[in-house]
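Subject: Structure handover

Hello,

Here is the structure we spoke about, with the sequence alongside. My notes on what was found in it follow below.

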Amino acid sequence: MKNALDFTGKVVLVTGGGGGIGRGIAEAFDRCGAQVVVAEIDPVRADATRSALGKTSRVAVTDVRDSAAVDALLHEVASSYGRLDVLVNNVGDFLGIVKPLEEYADADFDALFAVNLRQVFQVTRSSLPLMKQTGSGGSVISVSSIEAFRGIPMNVVYSAFKAGITGFTKSLALELGPSGIRVNAIAPETTESEQVKPSAWIPEQYQEHIARWLPLGRFGTPADAAGCALFLASELAGWITGTTIHLDGGALAAGGWYRTPQGGWTNVPVINGNGMRF
Ligand SMILES: NC(=O)c1ccc[n+]([C@@H]2O[C@H](COP(=O)([O-])OP(=O)(O)OC[C@H]3O[C@@H](n4cnc5c(N)ncnc54)[C@H](O)[C@@H]3O)[C@@H](O)[C@H]2O)c1
């Protein structure tokens, strides 16, 4: 039987694949035989990723907010590889903006829109002609956030744009159903990355509580997201479109419930202080 996670001969574009979750996803597809194209804004991360990927993969220093640069990259993908099977819209950033809505400047709204939603529209728009021409079905996967499905104080705008990915995913899935291109999203809970560092943000004295904060007892890793992306892109998910995987160690199911040190349950946090230096 063919290994459903063998992506040999497939071309996969990963935005922001130079760090964190995107890097984990890019490396996983590369290991599974795909030719991976990474669009990464940071030249240093791009170099490091280039040396971690196989020879047939490539890393382009590209700002995905720049639609001309994205179009140019897609032309290069078409001329070098002649196909595109999977697009992973991974770029997204809360830009370190943590404050009440009244304190947002117009520039904050614009910057958060550009990096969390507008570029998802642009990159997908530029990728679809080649995906359709490839005719292999194809898969668009966007990295959302568990915060698209629950509230997050002081991060209202970021979470609203992540919730926008849910609507984008559902509507585009309908539009692309007839061409066999599936459209899904992954919504991670806190995951160790360049941008989010629970290991550094949670003071030493609170780290012992981590095992009780999430039902599966730990924060996420880029490898967790990579597993979801491989599954969604594979034939194993051949009848899945328009949906989001909650990649959250059970956090959404738990709501505000935590295990107590005695092994029971409480909906009152069992820590002093605010837990994270954030
Ligand atoms: N890490 C988490 O806890 C977490 C939780 C929920 C959702 N997410 C989402 O997962 C995705 C990845 O997050 P992460 O934590 O791995 O981020 P990260 O910042 O660690 O990695 C993102 C990568 O994208 C690159 N990048 C940023 N802007 C870019 C641009 N304009 N063009 C090209 N490349 C760009 C960065 O240089 C970096 O290498 C984001 O969409 C984020 O919102 C992350």
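**The ligand shell and α1**

Two elements, α1 (20–31) and β2 (35–40), each supply at least two residues of the shell around the ligand. Please keep in mind that this is a predicted model. The largest share of the shell comes from α1, with three residues. There are 30 residues around the ligand, and those that come nearest are Gly-16, Gly-19, Gly-20, Gly-92 and Gln-195. By type, the shell divides into 14 polar, nine nonpolar and seven charged residues.

Helix α1 has twelve residues. From its first C-alpha to its last it reaches 17 Å, close to the expected 16 Å. Eleven of the twelve residues of α1 are buried, so the helix is largely enclosed by the rest of the structure. Among the buried ones are Gly-20, Arg-23, Glu-27 and Asp-30. Gly-33 follows α1 and has a positive phi, near 95°.

**The sheet**

Seven strands form an open sheet with parallel pairing, in the order β3-β2-β1-β4-β5-β6-β7. Its edge strands are β3 (58–61) and β7 (244–247), each of which pairs on one side only. On average, neighbouring strands of the sheet are turned by 15° against each other, direction ignored.

Helix α4 (residues 106–134) lies across β1 (11–15), β4 (86–89) and β5 (139–143). Its direction is at about 175° to β4.

**Strand β7 and Leu-247**

In a regular strand the side chains alternate between the two faces of the sheet. In β7, Thr-244 and His-246 point one way and Ile-245 and Leu-247 the other way. Are these residues of β7 buried or exposed? All of them are buried, although β7 is an edge strand.

Leu-247, in strand β7, counts as buried because it has 24 C-beta neighbours inside 10 Å, where 20 or more are needed. Leaving out residues up to four places away in sequence, Leu-247 touches Ile-186, Ala-187, Pro-188, Glu-189, Gly-220, Asp-224, Ala-225 and Cys-228. Leu-247 and Phe-231 are 16 residues apart in sequence, and their C-alpha atoms are 13 Å apart in space.

Most residues other than glycine have a negative phi. Which way does the phi of Leu-95 go, positive or negative? It is positive, at about 55°, although Leu-95 is not a glycine. Leu-95 lies in the loop between β4 and α4. With 15 other C-beta atoms within 10 Å, Leu-95 is partly exposed.

Met-154 also has a positive phi, of about 70°, and is not a glycine. Met-154 lies in the loop between β5 and α5 (156–176). Met-154 has 14 other C-beta atoms within 10 Å, so this residue is partly exposed.

Regards

Notes: Residues are numbered from 1 along each chain as its sequence is written. This is a predicted model: local features need pLDDT of at least 70, side-chain atom pairs count only at pLDDT 80 or more; totals for chains, interfaces and linings use all residues. A residue is near a molecule or strand if its C-beta atom, placed from the backbone, lies within 6 Å of it. Helices (H or I, at least four residues) and strands (E, at least two) are DSSP runs, numbered from the N terminus. Ala, Val, Leu, Ile, Met, Phe, Trp, Tyr, Cys and Pro count as nonpolar, Asp, Glu, Lys and Arg as charged, and the others, Gly among them, as polar. The expected span of a helix is 1.5 Å times one less than its number of residues. Two strands pair if DSSP finds at least two bridges between them. Axes are lines fitted to C-alpha atoms, for helices over the stretch in contact, and angles run from 0 to 180 degrees between N-to-C directions. Two residues are in contact if their C-beta atoms, placed from the backbone, lie within 7 Å.
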